[in-house]
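Subject: Handover of a predicted model

Dear colleague,

Please find the structure below, together with its sequence. I would be grateful if you could read the notes that follow alongside it.

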Amino acid sequence: MHFTLDETDLHILDLLQEDARLTNKEIAARLGKSVTSIFERIKRLECEGYIKGYVAILDRKRMGKHVTAFANITLKEHGHDIFLLFESKVNAFPEVMECYKINGPYDYLLKVMVADLEEYEMFITNKLSRLDAVSRINSLFVIAEPKHETALSLNTGQIIKTTKPGKKDEGGS
């Protein structure tokens with residue numbers, strides 16, 4: 001199957017990234033399209049995986065998370081099973097907001113949010129350093145956040161084509 005994102009799809013994605021609470025009617029009015037057309041496009045964008053979900057973005061400080069740290073992790077050994085086990089353990093920690101497998105001198109980069117340095121120390125001491133695979137932890141603390149963006153920058157004038165492997169172009173959207 002062939003699926004092409006056109007300008008209308010990109011505008012819909014831009015609007016939903018800006019405010020996911022917009023109704024199909026509001027989006028249709030802004031784009032000069034029918035409500036039915038917008039509904040069908042959004043459903044297609046969801047089914048095709050372009051829209052992964054809808055969330056409320058909370059103010060971390062109001063929620064008591066005043067410390068953001070990035071923990072560079074080096075594992076003792078490397079291997080598929082070791083990576084999977086480490087990732088499953090880390091994914092279970094509520095303090096870990098993001099986990100990236102990286103190249104360079106470290107194996108993983110974790111974004112950790114906690115209330116204070118004492119909670120971070122407890123997290124490192126009682127959870128992260130107790131994982132068998134962990135060899136070294138190097139922590140960096142955020143002192144300011146000049147930019148924090150959750151929306152992807154979309155070039156709404158650009159047409160993006162995606163084709164599923166093994167399928168030929170079947171035309172329009």
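The notes below cover helix packing and then pockets.

This is a predicted model, in which local features need pLDDT of at least 70 and side-chain atom pairs count only at pLDDT 80 or more, while totals for chains, interfaces and linings use all residues. Residues are numbered from 1 along each chain as its sequence is written, and side-chain values use heavy atoms, with hydrogens and water left out.

Helix packing

Two packed helices are described by the angle between their axes and the distance between the axes. Axes are lines fitted to C-alpha atoms, for helices over the stretch in contact, and angles run from 0 to 180 degrees between N-to-C directions. Helices (H or I, at least four residues) and strands (E, at least two) are DSSP runs, numbered from the N terminus.

Helix α2 (residues 24-31) and helix α3 (residues 35-47) cross at roughly 110 degrees, and their axes come within 8 Å. This makes α2 roughly perpendicular to α3 (65 to 115 degrees; under 35 counts as roughly parallel, over 145 as roughly antiparallel and the rest as oblique). α2 passes α3 in a right-handed crossing (the near helix is turned clockwise from the far one by less than a right angle). On the α2 side, Asn24, Lys25, Ile27, Ala28 and Leu31 meet Val35, Ile38, Phe39 and Ile42 of α3, where contact means heavy atoms within 4.5 Å. The residues of this contact of α2 with α3 divide into seven nonpolar, one polar and one charged (Ala, Val, Leu, Ile, Met, Phe, Trp, Tyr, Cys and Pro count as nonpolar, Asp, Glu, Lys and Arg as charged, and the others, Gly among them, as polar).

Helix α1 (residues 7-18) packs with α2 at about 125 degrees, the axes being 11 Å apart. That makes α1 oblique to α2, and the crossing of α1 and α2 is right-handed. Thr8, His11, Ile12, Leu15, Leu16 and Glu18 in α1 meet Ile27, Arg30 and Leu31 in α2; by class, the contact of α1 with α2 has five nonpolar, two polar and two charged residues.

With α3, α1 packs at an angle of about 80 degrees, and the axes are 11 Å apart. α1 and α3 are therefore roughly perpendicular to each other. Here Thr8, Asp9, Ile12, Leu13 and Leu16 of α1 meet Ile38, Arg41, Ile42, Arg44 and Leu45 of α3, a contact of six nonpolar, one polar and three charged residues.

Pockets

The largest pocket holds about 700 Å³ of space. Its lining comprises 17 residues, with Leu16, Gln17, Gly53, Val55 and Thr150 nearest its centre. That lining has eleven nonpolar, three polar and three charged residues.

The second largest pocket has a volume of about 600 Å³ and is lined by 17 residues, of which Ile57, Leu58, Arg60, Met113 and His148 lie nearest its centre. β3 (96-101) and β4 (108-114) each supply at least two residues of this lining, and β3 gives the largest share, three residues. By class, the lining of the second largest pocket has eight nonpolar, two polar and seven charged residues.

A pocket is, on a 1 Å grid over the protein atoms alone, an open set of points where a 1.4 Å probe fits, with protein on both sides within 12 Å along at least five of seven lines; lining residues have an atom within 4 Å of a point. Grid points are joined across faces, edges and corners, and a volume is the space filled by probe spheres set on the points.

Yours sincerely
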